[in-house]
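Me: I have a protein model to work through with you. Please take my questions one at a time and keep the answers brisk.

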Amino acid sequence: ARSSSVSSKTLAAASGPNFGSSQVLFVRPGNFIAALMRFDLTGIPSGSVVTRAELSLFVQSRTNTQPISGRFFEMRRGWVENQATYDLASAGQNWQQPLAAGPADRNPDAFALAPFPASGRVNIDLTDLARAWQQNPAANHGILVDGVSSGSVQYNVTSREWPEPDQLPYLLVEYQAPTPTP
């Protein structure tokens, strides 16, 4: 099954605006800006076993030729797409630390590190997270992506609002449905 239900937004620098309806997600190094994504797994039948889950992101552009790798963190708390900012998870609810950097906001250990291409797709294994979220939907708060680079650069990754369908982010989930009881 292919899910294109990827809620996404960018958290910008202090006191910055909300980017919940932006066509791109911004990924930069230096705890300055990060992207949030959440996935709707409700279409997976109850009792199914997730055998594979792969997030596919499309890098649309970058500000210069400096390379970057995306660091991927599991979120530990809820957030609202059109309200979250650098300081807020939702209206009136601060992150534990700015940029959702607190241990109550996200797992402090990245589950993946992936080099981004200058343009094109990058794929990240989310199998373990998708299994956990399918077994406990209340724990599905999505992921945060920030950048690691030795220089200053911004990579622009398409969001679900991007106008070209073949460049949208998606989560490919393969699962084994439960055997029906006769």
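Me: Leaving aside neighbours within four places in sequence, which residues is Asp 146 in contact with?

Reply: This is a predicted model, in which local features need pLDDT of at least 70, side-chain atom pairs count only at pLDDT 80 or more, and totals for chains, interfaces and linings use all residues. Residues are numbered from 1 along each chain as its sequence is written, and side-chain values use heavy atoms, with hydrogens and water left out. Contact means heavy atoms within 4.5 Å. Beyond four places in sequence, Asp 146 is in contact with Val 27, Arg 28, Asn 31, Ile 33, Ala 34, Ser 69, Gly 70, Arg 71, Phe 73 and Arg 106.

Me: Is Asp 146 buried or exposed?

Reply: Asp 146 sits in strand β11, residues 143–148 (strands, E, at least two residues, and helices, H or I, at least four, are DSSP runs numbered from the N terminus). Buried means under 20% relative accessible area, exposed over 50%, and partly exposed in between, with a 1.4 Å probe and protein chains only. Asp 146 has a relative accessible area of 3%, so the residue is buried.

Me: Which side chain makes a polar contact with the side chain of Asp 146?

Reply: A polar contact is a pair of N or O atoms within 3.5 Å; within protein, one must be able to donate a hydrogen and the other to accept it, and residues adjacent in sequence count only if both atoms are side-chain atoms. For the side chain of Asp 146, the distance is 2.8 Å and the partner is the side chain of Arg 71.

Me: The backbone oxygen of which residue does the side chain of Gln 134 reach?

Reply: Gln 134 belongs to helix α1, residues 127–135. Its relative accessible area is 18%, so Gln 134 is buried. At 3.4 Å, its side chain reaches the backbone oxygen of Pro 45.

Me: What is the relative accessible area of Ala 100?

Reply: Ala 100 lies in the loop between β8 and β9. Its phi is near 55°, a positive value in a residue other than glycine. Ala 100 is buried, and its relative accessible area is 0%.

Me: Where does Leu 99 lie?

Reply: Phi of Leu 99 is near 60°, positive in a residue other than glycine. Leu 99 counts as buried, at 4% relative accessibility. Its place is the loop between β8 (93–94) and β9 (112–115).
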